[in-house]
Amino acid sequence: MCWDISLHSEVDIIKKGFPKLRDERKQLDYDYRYFENLQAITFPAYPIIYKDKEGEELGLQEMEWGVLPTYIQDPKEQEDRRRNMVNIRSERILSDGKSYWHRLKNQRCLIPVSGTFEHRKIHGWKKKVPYYISEKGREVFYIPGLYQWHEHVDQNGELHKVGSFGMLTREANSVMGQIHNDGPNKRRMPLFLTPELEQQWLSAKDDEALMPIFNYEISDQALDYYPVYTLRGYPDRPDGKHRYEPYTWSDLPPLGQDGPIQQSLF
């Protein structure tokens, strides 16, 4: 599962890439440069670009990360299930006509990110090492997703329209498979795309136009990736740098060489 992402850019960069984008956010002057590390499984509000399934206009709207399973009534069960709906296996959208994702296939969105994080297990180390991954030459890029609207009644009894979304994933390429090498969803990665395929994700009219997107595997050479400092439990780095900046771990073996290491991270 890809749970950690980073958006540390000004929103004007997003608007520049989509000139006709309609800004629907409640707080238009919010500075996203503080989104150094967000955990999707906490269901944070996050800006996404979406197209109304019945229209052609694009909107920039904050929705909650993690598609809310409205078909579940029990709050505890609903929250537990929602954690598994933060990510969406792209293979299931078209292959299974009965899946929840198939029903949402026309409610498509793009998730702007500066980069994502993934944790690598190394034999003999007590803690996994987090890596920051981004697309080369792009200050902001966009991961495809699906969204939905639902109604929510607040504590004052007022009815609100709330959006939620999930991010598409696929089988990992070579380098991402070496980084995300452990856990029940190991060797998965976000569905990184080219700028052209990002646009196609929003404009596709039929399933045939979606196939090049689902079949696309970004090359190792198109990614920047490096280890960073621990993301969990330690809010400040000892060197005072941003969470997405490189951090040097002593005796860290190269990717693909995670054999026995005697030294622990801590």
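A residue is called buried when its relative accessible area is under 20%, exposed when over 50%, and partly exposed in between, using a 1.4 Å probe and protein chains only. By that rule L28, at 48% relative accessibility, is partly exposed. The structure here is a predicted model, in which local features need pLDDT of at least 70 and side-chain atom pairs count only at pLDDT 80 or more, while totals for chains, interfaces and linings use all residues. Residues are numbered from 1 along each chain as its sequence is written, and side-chain values use heavy atoms, with hydrogens and water left out.

The protein contains 7 helices and 13 strands. These are DSSP runs numbered from the N terminus, with helices (H or I) of at least four residues and strands (E) of at least two. L28 belongs to the loop between β2 (22–23) and β3 (35–39). Between L28 and Y142 there are 20 Å in space, C-alpha to C-alpha, and the two are 114 residues apart in sequence.

As for overall form, a compact globule with 266 residues would have a radius of gyration near 18 Å, and the 19 Å of the protein agrees with this. The radius is taken over C-alpha atoms, and the globule rule is 2.2 Å times the number of residues to the power 0.38. Along the principal axes, the C-alpha atoms fill a box of roughly 55 × 45 × 40 Å. Of the 266 residues, 50% count as buried. Contact means heavy atoms within 4.5 Å; among contacts between residues at least 6 apart in sequence, 66% join residues at least 24 apart.

What are the pairing partners of β8? Two strands pair if DSSP finds at least two bridges between them. Strand β1 (residues 4–7) pairs with β8 in the antiparallel sense over 3 bridges, and I5 stands opposite T116. Strand β9 (residues 129–135) also pairs with β8 in the antiparallel sense, over 5 bridges. There, Y132 of β9 is the bridge partner of F117.
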